[in-house]
There are 4 protein chains.
Amino acid sequence: MSSTLGTIFKVTTFGESHCKGVGAVVDGCPSRIALCEADIQTQLDRRRPGQSRVTTARAEADQVTILSGVENGLTLGTPIGLLVGNKDQRPGDYAELQAIPRPSHADFTYQSKYGIRASSGGGRSSARETIGRVAAGAIAEKYLRETFGTDIVAWVSSVGTVDMTEAVETALTRKQIDASEVRCPDLDAGKKMLEAILAAREENDSLGGIVTCVCCGIPAGWGEPVFDKLEAALAQAMLSIPATKGFEIGSGFAGTRLRGSAHNDRFVLKDGRLGTTTNNSGGVQGGISNGEPIFFRVAFKPPATIGQPQPTVDFDGNEVILEAKGRHDPCVVSRAVPIVEAMAALVLADAALRQKTRL
Amino acid sequence: MSSTLGTIFKVTTFGESHCKGVGAVVDGCPSRIALCEADIQTQLDRRRPGQSRVTTARAEADQVTILSGVENGLTLGTPIGLLVGNKDQRPGDYAELQAIPRPSHADFTYQSKYGIRASSGGGRSSARETIGRVAAGAIAEKYLRETFGTDIVAWVSSVGTVDMTEAVETALTRKQIDASEVRCPDLDAGKKMLEAILAAREENDSLGGIVTCVCCGIPAGWGEPVFDKLEAALAQAMLSIPATKGFEIGSGFAGTRLRGSAHNDRFVLKDGRLGTTTNNSGGVQGGISNGEPIFFRVAFKPPATIGQPQPTVDFDGNEVILEAKGRHDPCVVSRAVPIVEAMAALVLADAALRQKTRL
Amino acid sequence: MSSTLGTIFKVTTFGESHCKGVGAVVDGCPSRIALCEADIQTQLDRRRPGQSRVTTARAEADQVTILSGVENGLTLGTPIGLLVGNKDQRPGDYAELQAIPRPSHADFTYQSKYGIRASSGGGRSSARETIGRVAAGAIAEKYLRETFGTDIVAWVSSVGTVDMTEAVETALTRKQIDASEVRCPDLDAGKKMLEAILAAREENDSLGGIVTCVCCGIPAGWGEPVFDKLEAALAQAMLSIPATKGFEIGSGFAGTRLRGSAHNDRFVLKDGRLGTTTNNSGGVQGGISNGEPIFFRVAFKPPATIGQPQPTVDFDGNEVILEAKGRHDPCVVSRAVPIVEAMAALVLADAALRQKTRL
Amino acid sequence: MSSTLGTIFKVTTFGESHCKGVGAVVDGCPSRIALCEADIQTQLDRRRPGQSRVTTARAEADQVTILSGVENGLTLGTPIGLLVGNKDQRPGDYAELQAIPRPSHADFTYQSKYGIRASSGGGRSSARETIGRVAAGAIAEKYLRETFGTDIVAWVSSVGTVDMTEAVETALTRKQIDASEVRCPDLDAGKKMLEAILAAREENDSLGGIVTCVCCGIPAGWGEPVFDKLEAALAQAMLSIPATKGFEIGSGFAGTRLRGSAHNDRFVLKDGRLGTTTNNSGGVQGGISNGEPIFFRVAFKPPATIGQPQPTVDFDGNEVILEAKGRHDPCVVSRAVPIVEAMAALVLADAALRQKTRL
């Protein structure tokens, strides 16, 4: 499907970095959900660069327009068209790089795939593509929150070699997260992360990091057996975000080192329903939600665009030194937080609607 | 889609642990591929329990029958029906567990989802479901190998706390892998893994582990931008395998600790094509293969079925002590090796065919 | 998707005319539907040849086996595997025809598409492929009948130039239909149809005809706007049946000759709900069911296999005279009746489940 | 998929009659196809009302903007966003009809489906939804024409009771078609059709009709067996157009009255390839193109909006007399011509790309 995700709650995104606009079409959203542009703008603003010292200074207003599917503030059940104009439609900074595929960028692979590529920026692999996702995710999230009380919150849990003291996965609020410039709820760690980012920028270098996401208020029964297990759908969604290299749910890679007797989540009675004492499962068993919080972590590599000169070859194989211009984010994980939330919301909204066909 | 995976090369699996049979329908396989049951049986045999001291003693012959889609040893391009009979169609060992949802199993979540569940074994969440995948994957692999020279090899890189000395990701053979009883090509580590498994069995406990997979012979250009990025499709496929908790590609989670200047894979000329000096990308950039080997790691939790008594509650919330009977695998990663290979092959065959529509 | 139909209630069929078996996998069927093989066999028996003087004498027992997805007589919500063995796995009658593409058969087009084709019979274009559909349709129908009281009945409304006096589209029963050897509820017309068929057989020729289908007990609201309109889904399903050339719903082609003032279906109050006085719409408006009976007609061409010698060319372009051997149905519409019912049931079950995600 | 059509060449449409805009996202279009807005505008202009005496006077400029996916006049292989603004975003004429579901419109069924509906016009069932289809279809057509020499031409073959003398299905040009105000290439019949339309308008009534479409330059091998037969995909596409009630391909309903000996299309050698002497098959055999022209006919009912007072009931069941205001098309078949062409192009482009995965 490529640019389309979901079986019932479906989102199709479009747009490159320097075309007229980017956006999405959301099909399958339930009718009669209260929705206005402000509902969407909040998360777009969190995704936007230029919010803090750790992101680029480029001003991208990124105002969303709802083109269709909403009338008098209510969804009609029909496709919701979403559009955000591109300010910078005339390429500049990147133009001279055309002959040289940037290391660890998608220039070479897009050219290999299509025999052509956008003349500037990352084209479809640009971070601007995620605008459509964040806009669509805000709608998914609104549906989930109002219907099931679902709460999705992500934050930065590491930047480079600076880790936060991983807290128990409890309910944090976005306000708590945004109190930190890097979106790390451990404020001490957050300060160190900020320092690391500013140091990397100074050295024309970049840093990776990890985003943790917790989803509360998910009833038992969401997710489909076999190929569309809830964790499989989340893994696909997260690895579809640019610059991601890993996904783990619940105990994750560390859990492989535990024994079954320590890893098993025993059942207990919780408020009249079955719950578990521990949550190594991360809220899913056999691909289906069990009513406990779903939590997972996503690995982001350090951005490929760095200010340092890099020895590489051009498309013809000639050795060259590549020097990037313009200003670029030395670290993207803070801006990735609302993208991770959006992708989680899209997966969960689809799972919620699919479960309606099961019982 | 639930039990169906793929856009062009599509596999649909069916079957529970104790019904008449399990299998798959493969639709979209190219025509005129030489195929016989022995091509499929090899990988099914590698998946089968009872091959070594580290797996259960249950004898499952698991002979595959090709029901359709092949004539005179060649695929017709039409759906290939694959069937493996279940020997054990009358449940026994598990029957008494019906009233108690096993911790970290899918009993509770299936019951929540469907309001019913198979009266025995794991039903659709059983490991027997993977038979259809392995059979289908063997066909995908044959297509890839004969058409592109693709070579997919997976192995066990850790069991519990025993890690292999992670080698450079080069071309190993399945013969090398199978020389080790636990399928770890580092024979010293393999011995320690075996000891750990036998010790865990002795203590009625279980161990998790990690499977590493390397895919060589992938041309540049496979994988679709945005939601169907090659790494996203692989992540979905791997997290759809029972008992998996994590996926990482290339530098993965460890790569988040590197700086961009160290992480970027610089281009060089290799045999007349552009290649990279390092492969932190794991063979994909922007979701599309770049011609370098694709490698990734998959985390498997320790099996939930253990011989120890476990305090938990029944479906009504009454506290009970659950004691498992029968014999169970204390560690599944060795048997998971051909499953990981199969899922990789299914994803790559689909990507290969989709790329034919692009250029 | 090729061999898969449906978004939620999905059926995937497999099997050629002379392979080991034909069948289907039904995924997405709701759980806890009472189901046994006899529920399916009834419609398979109606589809089977050799039931009357108007069909071929080949004995095809066509006993269905439920491979998976049902336990203790109830569906589990998991994929239902269905298998019918092929008796005649060694081709005979057709073998010599290999070098000559039969006129108006699929030999030439399959060869063009795949570069290979089944060495005998119609391969995947054979009527035996419809066994999987009829089996799957019986399950869909059971779900619809028990959940919504839906009743689907089809019959033969013309054979060659013999038309039945088209009655008002009211509720007929299958028993009434099967009282006629050709499945025409107008018994006088039925006799003339039978005579026409026997005469055509005598002359080694074949006859086409029309099947009418009425579906009662469909609530308002099924069907999706735009590309998946209910009539569009029905049209696809019907034109996917071998030998079909046309589909019309409600007033159909004849309705194009009416004026809007005569064609519009005015609303009235019926038993407390809005209904219409006429039903030129055929039960759908804007692609969505309106609560009135859905009725449509499907055109079947005369079977391409005839006993007469036919001048044509072989694959190399050499002029030849083709003479068919074996016995073939001179008219397929009577046997097509349960196939049309099955396809209608599959479309409606999917629409019913999709509507659960809307309200 | 509802608002999405296609497996590889995929189109997703959005937009109601009175929202900000209507449009489409085309995903999967091959890269490096020359494309500009003028390529699309031509067919949009042919679809637009107000072109002749037989359509409404409403001025809808319907200028398309390409939002993404095209750079320097070439497609990038990425999603092509298409947008046409709505002039009339404030409902007027229709507002008072809110309480009364219009006979044979979608008001009642949308309300039943969604529990809400657009407050004016037809919402998503409006003819304006087809703008996205026509725009997308123009792209599909360009790809087909430049790659395969495919030529798709449709025309009006009947209006009410006025039939054209159906010519042999040969290659007509759009210029020839547009020479007639009603788009009927039989100019005498066209005049009578025009008179009939003007008479119906005078009487505040409406007329239906039939559109015939011929597609030349289709290689053998397109279309998929079983559910995605080429004729099945075309039938779905055509029945998804608003106001359609029937579809027939090749000999269609009339062909049911022929005997097999007369209906079979015998093979002959044509320019070195196998062709057929007759074309009752309409260019498809077993669901796959055979290299002959594909032709089919689509039935359009008389428009439901008429100027006459109509007795009906409101949503509460109270008897009322409905009087339509505004000016409406007494006959839509002339404007439907480019819509039929667009839908044919979308189906064929998808079939062409899918066939690339087969051989």
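Where chain C meets chain D, 93 residues of chain C are in contact with 93 residues of chain D, two residues being in contact if their C-beta atoms, placed from the backbone, lie within 7 Å. On the side of chain C that touches chain D, the residues divide into 37 nonpolar, 40 polar and 16 charged; Ala, Val, Leu, Ile, Met, Phe, Trp, Tyr, Cys and Pro count as nonpolar, Asp, Glu, Lys and Arg as charged, and the others, Gly among them, as polar. This is a predicted model, in which local features need pLDDT of at least 70 and side-chain atom pairs count only at pLDDT 80 or more, while totals for chains, interfaces and linings use all residues. Residues are numbered from 1 along each chain as its sequence is written, and chains are lettered from A and ligands numbered from 1 in the order in which they are written.

Strand S11 (residues 244–249) of chain C runs antiparallel to strand S11 (residues 244–249) of chain D, and three bridges join them; strands pair if DSSP finds at least two bridges between them, and strands (E, at least two residues) and helices (H or I, at least four) are DSSP runs numbered from the N terminus. Within this pairing, Glu248(C) has Gly246(D) as its bridge partner.

Within chain C, four bridges join the antiparallel strands S12 (residues 267–270) and S13 (residues 273–276), and Phe267(C) has Thr276(C) as its bridge partner in S13(C). The hairpin of these strands has two residues between them, and Asp271(C) takes a positive phi near 50 degrees there.
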